[in-house]
Amino acid sequence: VRDAAGVYVVKLGGSLITNRDTVGGFDRERSDRLARCVASRLAAGPTDLILVLGGGSFAHPIVAGHGISRAGAHADPSRLFELPVHLFRLKHLFIESLCKHGVTALPFETLSYLTTVRSAINAAFLAPIRTTLGLGYVPVLSGGLVADLELGVRPVSSDRIPVVVSQGFHLRRFISLTDQPGIVREPGSGEIFRTVSRQDYHQVSAAISPPVRVDVTDGMRGKLDAALELARLGVQSVIADGRDLDEASFAELFEAAPRGTVVEPWSDPA
Ligand SMILES: Nc1ncnc2c1ncn2[C@@H]1O[C@H](COP(=O)(O)OP(=O)(O)O)[C@@H](O)[C@H]1O
Ligand SMILES: [Mg+2]
């Protein structure tokens, strides 16, 4: 791992790679296009890249349908396994797309490398991710289940995973792709906040509306919260549109002035 340069973590929103209207619906065309973008960026030069897949229709309806509770009080604990099983299937499908474009990737399950305590990170065993990355593989992560020391087994959002990764890696940038151009100032306006800083993040937070579709992980609020947590750790995040990317516009997300909403690192410790 070229640690000095740092690792890019790219999250592909569930709104992009899955069809939110059907349970377990995979958006093959969008996924194929994103996989092609990833392949092209990797071909352009050595880059340490970790992918995080949003769960979308492989997660939210499963959590809601089986009564999987964020507080750890599940309707039927015998159905908990459905969540990692569905997310593993999503990783299978997406890695097939990566494979087609010549990207060599490996899947990782949260339950196997992470524990939390009251939803804060307790321990993260990132050595397998570090080692495979060093060997040239692209680790493919997602949200899923996690064993919490106080709450028991509970779901963890993919939006939180970059914060977990930051425990063991120097992150160069977190790129979060979703179905919006960034954090929008007013619903439907299309006008986004270009930057979010320590000074104005409250104002940006106030512009986020509650999720309209089935969402167990707070939608855009979860993204901003994770980005702010990374900002406090000195990491820059970008929340950008992943709907119509081509190889050139994807590559720009790694450049100095990416499109979308840029959450700037806080220069002095919080
Ligand atoms: N101010 C805002 N700007 C952009 N999106 C917002 C805002 N407030 C709420 N949202 C909602 O957040 C959604 C993105 O989060 P989410 O549905 O979790 O996507 P993903 O599947 O990419 O994680 C948008 O589709 C939008 O409905
Ligand atoms: Mg989401």
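This is a short tour of the structure above, stop by stop, with something to select at each one.

**Before you click**

You are looking at a predicted model, in which local features need pLDDT of at least 70 and side-chain atom pairs count only at pLDDT 80 or more, while totals for chains, interfaces and linings use all residues. Residues are numbered from 1 along each chain as its sequence is written, chains are lettered from A and ligands numbered from 1 in the order in which they are written, and side-chain values use heavy atoms, with hydrogens and water left out.

**Stop 1: the ligand**

Select ligand 1 and show what surrounds it. How many residues surround ligand 1? There are 19, and the closest are Ser15, Thr178, Asp179, Val184 and Lys223. (A residue makes the list if one of its heavy atoms lies within 4 Å of the ligand.)

Now look for polar contacts, meaning pairs of N or O atoms within 3.5 Å. (Within protein, one atom must be able to donate a hydrogen and the other to accept it, and residues adjacent in sequence count only if both atoms are side-chain atoms.) Pick Asp179: a polar atom of its side chain sits 2.8 Å from an oxygen atom of ligand 1. Move on to Lys11, where an N or O atom of the side chain is 3.2 Å from an oxygen atom of the ligand. At Ser209, look at the backbone instead: one of its polar atoms is 3.0 Å from a nitrogen atom of ligand 1.

How much of ligand 1 does the protein bury? On its own the ligand exposes 570 Å², and the protein buries 88% of that. (Accessible areas come from the Shrake-Rupley method with a 1.4 Å probe; for residues, only the protein chains shown count as cover.)

Next, color the helices α1 (14-17) and α9 (219-232), the elements that give two or more residues to this shell. The biggest giver is α9, with 3 residues. (Helices are DSSP runs of H or I with at least four residues, strands are runs of E with at least two, and both are numbered from the N terminus.)

By type, the shell has 5 nonpolar, 8 polar and 6 charged residues. (Nonpolar here is Ala, Val, Leu, Ile, Met, Phe, Trp, Tyr, Cys and Pro; charged is Asp, Glu, Lys and Arg; the others, Gly among them, are polar.)

**Stop 2: salt bridges**

A salt bridge is a side-chain nitrogen of Lys or Arg within 4 Å of a carboxyl oxygen of Asp or Glu, and this structure holds 13 of them.

Start in helix α2 (residues 28-44) with Asp32 and Arg36, which are 4 residues apart, about one turn of the helix. Their side chains meet in a salt bridge at 3.8 Å, N to O. Which of the two is buried? Asp32 is, with a relative accessible area of 15%, whereas Arg36 is partly exposed at 38%. (Buried means under 20% relative accessible area, exposed over 50%, and partly exposed in between, with a 1.4 Å probe and protein chains only.)

Jump to Arg259 and Glu252, bridged at 3.0 Å, N to O. Arg259 is partly exposed at 40%, and Glu252 is also partly exposed, at 40%. Then select Lys11, Asp159 and Lys223 together: salt bridges that share partners join them into one network.

One more pair is Glu191 and Arg185, whose closest N and O atoms are 3.3 Å apart. Arg185 counts as partly exposed because its relative accessible area is 35%.

**Stop 3: a loop with positive phi**

Zoom in on the loop between β4 (114-117) and β5 (120-124), where you will find Arg118. Phi of Arg118 is near 50°, a positive value in a residue other than glycine. Is Arg118 buried or exposed? It is exposed, at 54%. Ser119 lies in that loop too, between β4 and β5. Its phi is also positive, near 70°, and Ser119 is partly exposed at 38%.

**Stop 4: a surface patch**

Select Leu106, Leu135 and Tyr137, which make a nonpolar surface patch of about 260 Å². (Patch residues have over 30% relative accessible area and no salt bridge; like charges are joined within 9 Å, and nonpolar side chains, namely Val, Leu, Ile, Met, Phe, Trp and Tyr, within 5 Å.) Leu106 belongs to strand β3 (residues 105-107) and is partly exposed at 31%.

**Stop 5**

Finish at Ser69, in the loop between α3 (60-65) and α4 (82-100). Ser69 is buried, at 16%.
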